[in-house]
Amino acid sequence: MANPTIPVSQNSILIVDDNANVRRAISRSLQIENYATRQAANGKEALEMLTQYTPDLILSDINMPIMDGIEFFKAVRDNKEWSPIPFVLLTSAASPADVQKGRELGVEDYLTKPIDTNDLVAIINARLLRSSEVKVSHINQSYLETVTALANAIESRDNYTGGHVDRVTTYTIWLTQELLWPAEHIRFLEFGARLHDIGKVIVPDRILNKPGKLSPREWNLMRKHPAAGAKMLQGVSHLKDILPYIYHHHERWDGTGYPKGLKGKEISIGGRILAIADVYDALTTTRPYRPARPRKVVIQFLRLQAGKHFDPDLIPTFIKAIKKRTPLN
Ligand SMILES: [Fe+2]
């Protein structure tokens with residue numbers, strides 16, 4: 001996932017001031033810093049502009065004819081679409097009453113005229129960074145909630161695997177923490193872990209919950225779930241990079257897995273990690289047809305399968321991560 005940096009060249013500032021010279025001077029200073037600017041002579045004119053375009057930040061004078069800065073600020077905050085736009089008021093040192101009024105209404109940032117260019121750029125940069133961080137954190141939270149809801153919907157159909165998705169996610173996070181992945185990448189793989197079996201939506205309940213062995217036809221359908229999951233999510237732009245993780249989670253290091261029979265590092269790193277977490281959880285939990293196996297036995301199995309089913313470089317790190325974070329059993 002991209003870092004929450006501000007693409008400065010794309011940020012647009014709406015400058016609202018009745019004095020054309022002030023507007024032009026501010027605009028010039030901001031354009032030097034690669035901001036795009038637009039100008040309005042009063043609150044009313046600015047509100048009309050807002051119906052046509054959305055700036056990244058509004059810089060507004062207080063004292064203006066027709067509609068002053070305070071009225072304009074109130075109108076912006078009362079509009080659901082415009083209210084998140086950061087708002088900076090331009091005040092005069094000689095008007096403390098106006099500043100007080102703005103503060104009561106919730107204006108966070110002020111610039112006192114005459115405006116110092118360095119202050120102007122510093123305040124705008126800081127305000128935009130704050131606003132961008134808030135946006136990124138809200139978006140990430142919404143993504144995760146959506147993804148979790150989808151994953152829960154799939155898991156609720158499967159009587160045997162209660163909590164499987166949560167545990168696979170946890171093991172995945174532990175392994176990537178042990179690998180010292182950056183938090184952003186870990187969070188990204190978390191989406192893959194939560195959604196790895198989402199393609200099971202194509203498998204009917206009677207097959208998903210069948211107590212005995214699957215027939216070759218049923219097994220054939222079950223084997224389609226990684227591709228089905230990747231296909232389902234291919235239109236979701238922010239999940240684009242995790243599609244290989246979902247597609248590859250049943251591939252095996254030695255090429256005997258499915259759906260493609262990929263080998264070694266042809267399998268995406270996320271796919272190789274999910275394969276370990278998925279199998280580890282399946283073997284350490286009780287299923288209707290067999291009891292949970294002790295951790296020691298499962299770890300032995302993982303070691304035996306390093307270089308066969310699993311990436312041999314990841315297995316020692318996975319075992320280390322598990323031993324460090326779970327009590328012995
Ligand atoms: Fe699966």
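This is a predicted model: local features need pLDDT of at least 70, side-chain atom pairs count only at pLDDT 80 or more; totals for chains, interfaces and linings use all residues.
Biologist: Okay. How is the chain divided?
Modeller: Into domain 1 (8-132) and domain 2 (157-325). Those bounds come from an automatic or database domain assignment. Taken over C-alpha atoms, the centres of domain 1 and domain 2 are 51 Å apart.

Biologist: Let's do strands. What does β1 pair with?
Modeller: β1 pairs with strand β2 (residues 36-40) in the parallel sense, over five bridges. β1 also runs parallel to β3, joined by four bridges. Strands (E, at least two residues) and helices (H or I, at least four) are DSSP runs, numbered from the N terminus, and two strands pair if DSSP finds at least two bridges between them.

Biologist: Which residues face each other there?
Modeller: On the β2 side, Val16 stands opposite Ala40 and Ile15 opposite Gln39. On the β3 side, Ile13 has Leu57 as its bridge partner, and Leu14 has Ile58.

Biologist: Is β3 buried or exposed?
Modeller: Mostly covered: five of its five residues are buried. Buried means 20 or more other C-beta atoms within 10 Å of the residue's own; exposed is 12 or fewer, partly exposed is in between, and C-beta atoms are placed from the backbone. Both faces of β3 are covered, with Leu57, Leu59 and Asp61 on one side and Ile58 and Ser60 on the other. For β1, four of its five residues are buried.

Biologist: Tell me about α3. Which of its residues are buried?
Modeller: Gly69, Ile70, Phe72, Phe73 and Val76, in a helix that spans residues 69-78. They sit on the same side of α3, because they cover an arc of only 160° around the axis. That arc is taken from the directions from the helix axis to the C-beta atoms.

Biologist: What covers them?
Modeller: The cover includes β1 (12-16), α2 (43-50), β3 (57-61), β4 (87-92) and α4 (96-105).

Biologist: Why does Ile70 count as buried?
Modeller: Because 20 other C-beta atoms lie within 10 Å. Leaving aside neighbours within four places in sequence, Ile70 is in contact with Ile62, Lys101, Gly102 and Leu105. Contact means C-beta atoms, placed from the backbone, within 7 Å.

Biologist: Switching topic: which residues touch the most others in the largest nonpolar core?
Modeller: Ile276, Ala277 and Phe318, out of 37 residues. The elements giving two or more residues to this core include α5 (117-155), α6 (164-178), α12 (269-284) and α14 (314-325). A nonpolar core is a set of buried Ala, Val, Leu, Ile, Met, Phe, Trp, Tyr and Cys residues joined through C-beta atoms within 7 Å. Apart from this core lies another, of 24 residues, among them Ile26, Leu50, Ile70 and Val107.

Biologist: What does Ala277 touch?
Modeller: Val168, Tyr171, Thr172, Leu175 and Ala193, not counting residues up to four places away in sequence.

Biologist: Last one. Where is His196?
Modeller: In the loop between α7 and α8 (205-208). His196 counts as buried because it has 32 C-beta neighbours inside 10 Å. Leaving aside neighbours within four places in sequence, its contacts are Val168, Ile246, His249, Leu274 and Asp278.

Notes. Residues are numbered from 1 along each chain as its sequence is written. Two residues are in contact if their C-beta atoms, placed from the backbone, lie within 7 Å.
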